[in-house]
Structure formats: C-alpha cells, structure tokens
Amino acid sequence: MESNQNVEVIVPEKQSFSKEWASDQKAFKGVPWGKAMMWIFLVSDTFVFSIFLISYMTVRFSTKADWPNASEVFGLHVGDYNVPLLLIAIMTFILITSSGTMALAVKYGYEKNRKMCGYLMLATAVFGASFVGMQAFEWTKLISEGVRPWDNPFGAPQFGAIFFMITGFHGTHVTIGVIFLFIMTRKVFRGDFDTGRRGFFTSQKSNYEAIEIMGLYWHFVDLVWVFIFAFFYLW
Amino acid sequence: MAEGTQQHPLKIYFQVWTLLFVVSALSYWVDWYGFQSYTRWGLILIFMLLKAGFICAIFMHMWWERLPIIAAILMPCFAILVFVFIMWHESYWTLIIRKIYFAVTGS
C-alpha cells in the first residue's frame, strides 16, 4: 500500500453489480488480484470437499450394514470414563483458536505492526502443527484398531474409506497451510513486507496483503473442518 | 484507507472468536447430551451454518467486500445445493432398494 501514499487513490465508483462484471479491463475493481485468485481457488476447493461430503452421505444412506457410531469410535478413555469425541472436540477448539490468531495477524499486518503480526502468525502455525499431530494420533489409533479403507470392525466397510479420504484430504490442506504459515512468518519477521524485499520464487515485491491472502486459506481450512465436524463426526 | 485493505476494530474479532467457541461447545453438547433424529440433525446444521457464516463474514472479511466478488464466490456454491437436492431427492430410490434387499434377504 506504500505506493499509494503519494498518489491520489482512485476509488472505483460504485457500479451496479452487472455493470462491474461486464466491465472491460477489470472485474472485481479494488480487490487485489492475489486475493481474487485465492478466492477462486477456494471456491474450487469448496467443490472438491462438497463432492466428498455428498458422496459420503450417499454411501452412508445406501450401505446395508450399520454405519459405525462416530461418538464411540472416536471416544477416548479418560480414567474409567469413555468421553465421546474428546480428541475431535479438542482439535475443533484448536483450529478455531488458530483461526482467531490468524485473523488478528491479518489485522496487525495491515497496521504494519511487524512483531505482533509475526508472533500471531507463529502461534497460528504452531496450533496448526499440533492439529496435524493430533490427526496423526487419531489415524494411528484407528489403524491399530483395525480400521482400513476397505474394512473396519465397527460396521459398514465404507466408513474407513470415507474417513481416510476426507480427513486425509483436509489434513493435507492443514499441513500445506502450516508450511505456508512458517514461510510467511519468516518473511514477516525479516521485514520483507516493510522493505519490499523481493520474493525467492516470484522475484516480486510483496506487502501485507499477502498475510490476508494466507489468512483466507487458513480460515478456509477451519471452515471445511466445521462441515466435516458436523457431517462426519456429529451426524 | 485505500480500497482493498481490511482494517476493523479489534473488538469484533474477539466477539466473533468467543462466539465461535460457544457455538462449537454447543454443537459438541448436542452429541454429549445425546439428541437423536431431527432434533440432532437440525441443531447440528444450525450450529454449523452459524460457525461457517461468522468465519466467512468476519474472519474472511466477506462482509466488507464488494458485491461483485461476493456474488462470484457465493453464486457457484448454489450449484452445490442443487447437487445436494438431487441426491436427497434420489435417496428415495436408495431407500426402496434397501427395503427390498432387507425383505428378500430377511435381515
């Protein structure tokens, strides 16, 4: 945004929505191109996850065996009690916490508060990494109990296939997000967005908009988990 | 403030953050309390949509975006709802086949 400080900022006039979509030169006026592209990617990712969840529901309602009770399968023994969905609940809260720290990181980024932004990014990355760790623990537990993509001891054999596919795909997104977060954290702390240091891959100058774009991806990962939590674990 | 940047008071982030925690706790409580059938599904869906809405609107700043980009993001998602509707509609056939299967096999 520094380049805008000395020049008059041309705020696009409020046009009708159809006029802007049909405009020559540029749609989404005033929206940074990186952000628009990230949104378009996220829309396509929404489709992928939706198809997973729709096929899961279709399979669930058509198997002849009973669907395993997620509440029991994902329960954990604490002392003498079997607490239902304990690990999943913790994972949910951790992901929401990380979403909060990410949102604040974006805010401090735009305020050019380099330190706060960096620390919050780091916190987000650490929360994300712990989420992946817990997911690995959950996979290990289920695999040791005999859950396979083609079979499981609890009921409908499709359960394993759906579980590994959906949580695996989501976990991959989280893992990529964590790597992305660590890279961006380093860039923030080094002051890349203040000094206009050129990126390693792109050779382009960047600014704190990059943090918001990173944030969009991270919030999306949380968003997908909301749907997985509702449909796969609670339903 | 230049168009395209998103600066909002700290308060709203903390409010939404708290709200997300509360709603998550509520949806966990649905399982804990052991609601079944339509009550369960209804509550799960309400809490899910609340959480998704707040994350999208506030954390992802969609509330403050321009209508053309909001429309470009949300309108394709309508196709997903159509797909869900088709699958729901067709599920009667699945149900009939299941019932026939159980009747024939006697299980």
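Predicted model: local features only at pLDDT ≥ 70, side-chain atom pairs only at ≥ 80, totals over all residues.
Residues are numbered from 1 along each chain as its sequence is written, chains are lettered from A and ligands numbered from 1 in the order in which they are written, and side-chain values use heavy atoms, with hydrogens and water left out.

Ser37(B) belongs to helix H2 of chain B (helices are DSSP runs of H or I with at least four residues, strands are runs of E with at least two, and both are numbered from the N terminus). Its phi is near 55°, a positive value in a residue other than glycine. Most residues other than glycine have a negative phi. Ser203(A) sits in the loop between helix H7 (192–195) and H8 of chain A, and its relative accessibility of 41% is why Ser203(A) counts as partly exposed.

Turning to the overall layout, chain A comprises 8 helices and 2 strands, which follow one another from the N terminus as α-α-α-β-β-α-α-α-α-α. The C-alpha atoms of chain A fill a box of roughly 65 × 40 × 30 Å along the principal axes. Of its 235 residues, 51% count as buried. Among contacts in chain A (heavy atoms within 4.5 Å) between residues at least 6 apart in sequence, 70% join residues at least 24 apart.

Helix H4 of chain A (residues 86–110) packs against helix H5 of chain A (residues 114–144) at an angle of about 160°, with the axes 8 Å apart (axes are lines fitted to C-alpha atoms, for helices over the stretch in contact, and angles run from 0 to 180 degrees between N-to-C directions). H4(A) is therefore roughly antiparallel to H5(A), a label for angles over 145 degrees. The residues of this contact of H4(A) with H5(A) divide into 19 nonpolar, 7 polar and 1 charged (Ala, Val, Leu, Ile, Met, Phe, Trp, Tyr, Cys and Pro count as nonpolar, Asp, Glu, Lys and Arg as charged, and the others, Gly among them, as polar).

H4(A) also packs with helix H8 of chain A (residues 209–234), at an angle of about 160° and with the axes 9 Å apart. This angle makes H4(A) roughly antiparallel to H8(A). Contributors to the contact include Met91(A), Leu95(A) and Met102(A) of H4(A), together with Glu212(A), Trp218(A) and Trp225(A) of H8(A). By class, the contact of H4(A) with H8(A) has 16 nonpolar, 5 polar and 3 charged residues.

Glu212(A) is also among the residues that Glu65(B) touches, along with Val31(A), Lys35(A), Gln6(B) and Ile70(B), not counting residues up to four places away in sequence. Glu65(B) lies in the loop between helix H2 (37–59) and H3 of chain B, and counts as buried because its relative accessibility is 12%. The side chains of Glu65(B) and Lys35(A) are joined by a polar contact of 2.9 Å (a pair of N or O atoms within 3.5 Å; within protein, one must be able to donate a hydrogen and the other to accept it, and residues adjacent in sequence count only if both atoms are side-chain atoms).

Note on methods. Parallel < 35°, antiparallel > 145°, perpendicular 65-115°, else oblique. Buried < 20%, exposed > 50% of the residue type's maximum accessible area, 1.4 Å probe, protein only.
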